[in-house]
Amino acid sequence: MTFRHTIARRFVLALTLLMLVLPLAAQAPERSDEIKSPDPKWVVGDPAGPPRTGVELEKETARVASLLRCPVCQGLSVNDSPATMAQNMKRQVRDLVAKGYSEEQALLYFERAYGEFVRLEPPLRGVNWLVWAAPVALLVIGGFFVLFMMKRLQRAPKNVEVASVDSATPGRDTLPDDEHLAHYVLRTRELAYGWPGGLSPASRGEGGEESR
Amino acid sequence: MNRKVLIAGLVIVVPFIVLLVMNLGRDPHKVDSPLIGKASPPFSLRQVGTPAVVDIMSLRGKPVVLNFWATWCVPCYAEHPVLVAGARQYADKAQFVGVVYDDQENKIVQFLAENGSSYPTLFDESGQTAIAFGVYGVPETFFLDADGKIVDKHVGPLDPATLEAKLRLAGAFR
Amino acid sequence: MVPLIGRTLILLSLLAAASGAIIAFTAGSRKSVVGALWARRFAYTYAILISSANFLMIYALIAHDFTVGYVAQVGSRATPLWVTISSLWSSLEGSILFWGLVLGIYVFVATWTCRKHYPEHLPYAIAVWLACGAFFSFLLAGPAQPFHTVLNPPMDGPGPNPLLQNHVLMVLHPPFLYLGYVGMTIPFGLASAALLVGRLGHEFLRPLRTWLLLPWTFLTVAIVMGGWWAYEVLGWGGYWAWDPVENASFLPWLTATAALHSALVMERRSILKGWTVTLVMASFLLTVLGTFMTRSGVFNSVHSFTQSSIGPTILAFLAVSLVWSVLILAMRVDHLSAEGQIDSGKSREGAFLANNLLFVLFTFTVLIGTVFPLVVEAVKGVQMSVGSPYFNRMSVPIGVALLFLMGVGPALPWGRATKQQMIKALVPPIIGGVILLAIGFAVGARNAWTLLALFFGGYTAQVTLREMWLPLVQRMKGGAGIGQALVEGQLVRGRRRFAAYVVHAAVVVIIVSIAVSSTMQQSTEVQLMKGQSAKIGPYELTLQGVETVSEAHREGVLARLSVTKNGKPSGEMLPRMNYYAMSKDPIGTPEVRTTLTHDLYLSIMNIDERSQSVGLHLIINPMVGWIWIATGVMALGGFMATWPTKSRRNEAILRDAAQARGGEAVVES
């Protein structure tokens, strides 16, 4: 490996090929005859299930691939991305699934190389629990809060100050005693709610769908 | 002043602001490799332009510089002479290996013919080796120690100083 | 010369906004009539100055004046006029300048329409608007200066980001997004004013609702348009990837939608005032968060601008806005105490409260999913992702529950429902649900969530249509002719109500379409040589050849495919790959053929003219077209509800009523 050569564009191909082999020949590493891709077994052990083929293989491949982030894209899954990298990864997923590796094993294989970053769905471990539990917790707490507020609002005394007319709560068919004023209240209701004559459907005997 | 609202509001708002401040200057594209400190995945690939197959396991005993690159990658052009010179300079201290993926063999041969080479270049046709190493893009370089353990990973083109520093890390000068 | 004028205009707008904000705030707190007048004058001045800066930039872009920094950065002599104009918002500095234009227009119109009303509230609102304006003018004056002078102007520039040149939707999407985003400043100012004054009555609810509804409508269109653009351009066959920036636009939409509903309860019952104000403020704050997310480079997104230095500045603005909102809420919310009450949870009010809970839950879920990777990285130093599988899993149940509530809520009466009323209101729509479910099942829907969405979709559709129909029937029973009933009931008096149901109907269509299109997609990948064909669904596609076309600003390689549908010739499709002079990577343009039932979607994976071969991704996406159609309808409904009412008649009646009672006018306006 001590030879030197100048970088010349006119080098013939054959010469180059020879030189490509040379450094290695000098090094003389052992050679095996077949190309071995990294064996997933080495990382995630034996397949959890039986080998898969056909439609099942395609379906499972698409499902697992959609859980993997394409590392060179912006948040797209390996299943969706047209990038070469994603296509390669999808092929790798298909290989794994075909051999019978489970979803979790396949994901772990990629996770070992790319880190947790590659999983689009955070696995349930450690601090990740938060991202799954927090919305549920909010739903429960919020639900109780709404119920509590509803109870409190139901008990709240009607504030009479704001009532410009006696029917402070809209939708009631109560009317002020003053006949002139009652006329305006009816017209206002007609305008506001679209009730003919300002009378609610309930009071006209049409059922209570719209309002009461 | 409604104390409940104030406290509830501040409890939500302050940690949120702190979180965003802490993340200022974060580069979302930079992801640490989980492989560092672990054994290199075993693989064997065919050498470009030849039928010879090289097994990574056979290179143990010496630190390995494993450089992933491609002919369509512009920074790789800048990096190539550094590696060619480095492989010569540290010939007795470390084994340099190039792995090309997402590429065509005739283009690689042509590239090497034009730009020279001083170490074996392997062709990862299926891209599975790149995947096993968690490669995001090219160029990326892994430094393996004599036992085949991954010591460090460098993203982007190497310069001579970085190369030397990382080789030291891999135990090339021990 | 142009850069100098531009910089002057921006500095003046900063001056006008900053001093105007101070004057307006003082006028508000001192209740000064003269101060309020000057506040309005400063608002108009700011609007005119910042708009002028924008027009100057547009002029510089069209004139290819490369002495202007921004033009040198994004301009190009080769691009067509529409691209040249739209490059105003294609890059960071220009987008902030454009933000100023939109804010200027909003502030001008809002000030103008409110000038005769709300003398107490308006100065405070102007103060908040102008404070926001001052911030963005500050950005333009310093960290994101678009008008810096180029000493050695280039002969030609690189042109805007090729992704933005690839589709006309990209010209329309940003303006709509800005009209939505920036528009949230107006209700934020109004809500702040309501808090500062300490009063939020019926009279002030009107501008608040109108100015919330308008940006909401724009935001709705913008979000869907963004999805449509992604669908037509990015080539992966979907329209929504839960990308951080997509989420950023969705978050304020969720809170604004919740606010629109809680405002209705507030209108009816005089409760939830503080809550409505909180939601309105949150909508604005989330737009600022979105701005930060898009422009700080902290989030990994296809839509973000390149890494920039203005991240910390926007974060400071976000922090100030957040703290300001919390403080004024805490200080003043007790003044907005509930005056009314509710009778029962089994009522429309009850449904609205549940609706609000779900919207808040939705917002929280999307927000925590979006920022969670930041939390983990800060705590553990490990990068992780929260992607579409998480968001889909969480949002599908919430979405279906909301769809159900959309049916239940309007079916229930206000106040209190008896058991018979409940049965009468809630049982018949099951027919609609079952019908849609049966149709879905018949065409092959098997996914449980899809079937559930179909059932609730049918249920809600029946309720919605009945609610749209009912006022018409009642008016006709009351003796009106159909024409009169239609005009009066749907377009004049009952317009807001009718418009709301138009929006609801559209939402039903959108949710059902999303459910169907995302679970019933067919897709396959093929590699074709010239003359070979591939089949998908009823289609057969034959590759006729691969060609290169040259255009002024780009070159494209396209695959010419002849299409037959059920054996009958059905034209050609030309998916292509575009190569831009200034950009290394090619950008694919998928070809989409939309029909009423499905889209045929072709995108190129690889293409080679020499060997006349193409790798294609073939997809049949059912019902996607309905999402775009329904969004158009939704926008129509939104604008219909926003359109100003001739309110004088109502006001006159109320005033008369009050006078008849011997009191003062009860309405302020």
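How many helices and how many strands does chain A have?

Analyst: The model is a predicted one. In it, chain A has seven helices and zero strands. Read from the N terminus, the elements of chain A follow the order α-α-α-α-α-α-α. Chain A comprises 212 residues, of which 42% count as buried. If one takes the contacts in chain A between residues at least 6 apart in sequence, 46% of them join residues at least 24 apart.

The contact of chain B with chain C draws on 23 residues from chain B and 30 residues from chain C. The size of an interface is often expressed as the accessible area lost when the parts come together. Between chain B and chain C about 2300 Å² is buried, and 72% of this area lies on carbon and sulfur atoms. On the side of chain B that touches chain C, helix 1 (residues 3-23) of chain B gives the most, contributing 12 residues. By residue class, that side of chain B divides into 15 nonpolar, five polar and three charged residues.

The largest nonpolar core has 186 residues, and the members that touch the most other members are Met57(C), Trp129(C) and Trp253(C). For Met57(C), with neighbours within four places in sequence left aside, the contacts are Val68(C), Tyr70(C), Val71(C), Leu88(C), Leu97(C), Pro146(C) and Phe147(C). There is also a second, separate core of 62 residues, and its members include Val44(A), Val100(B), Ile108(B) and Val138(B).

Arg40(C) lies in helix 2 (residues 33-62) of chain C. Arg40(C) counts as buried because its relative accessible area is 19%, and the cut-off for buried is under 20%. When residues up to four places away in sequence are not counted, Arg40(C) touches Thr111(C), Arg115(C), Leu122(C) and Ile126(C).

To return to the part requested, the side of chain B that touches chain C includes 15 nonpolar residues, and 72% of the area buried between chain B and chain C is on carbon and sulfur atoms.

Notes: Residues are numbered from 1 along each chain as its sequence is written. Chains are lettered from A and ligands numbered from 1 in the order in which they are written. This is a predicted model: local features need pLDDT of at least 70, side-chain atom pairs count only at pLDDT 80 or more; totals for chains, interfaces and linings use all residues. Side-chain values use heavy atoms; hydrogens and water are left out. Contact means heavy atoms within 4.5 Å. Buried area is the accessible area (1.4 Å probe) that two parts lose on being put together, summed over both. Helices (H or I, at least four residues) and strands (E, at least two) are DSSP runs, numbered from the N terminus. Ala, Val, Leu, Ile, Met, Phe, Trp, Tyr, Cys and Pro count as nonpolar, Asp, Glu, Lys and Arg as charged, and the others, Gly among them, as polar. A nonpolar core is a set of buried Ala, Val, Leu, Ile, Met, Phe, Trp, Tyr and Cys residues joined through side-chain atoms within 4.5 Å. Buried means under 20% relative accessible area, exposed over 50%, partly exposed in between (1.4 Å probe, protein chains only).
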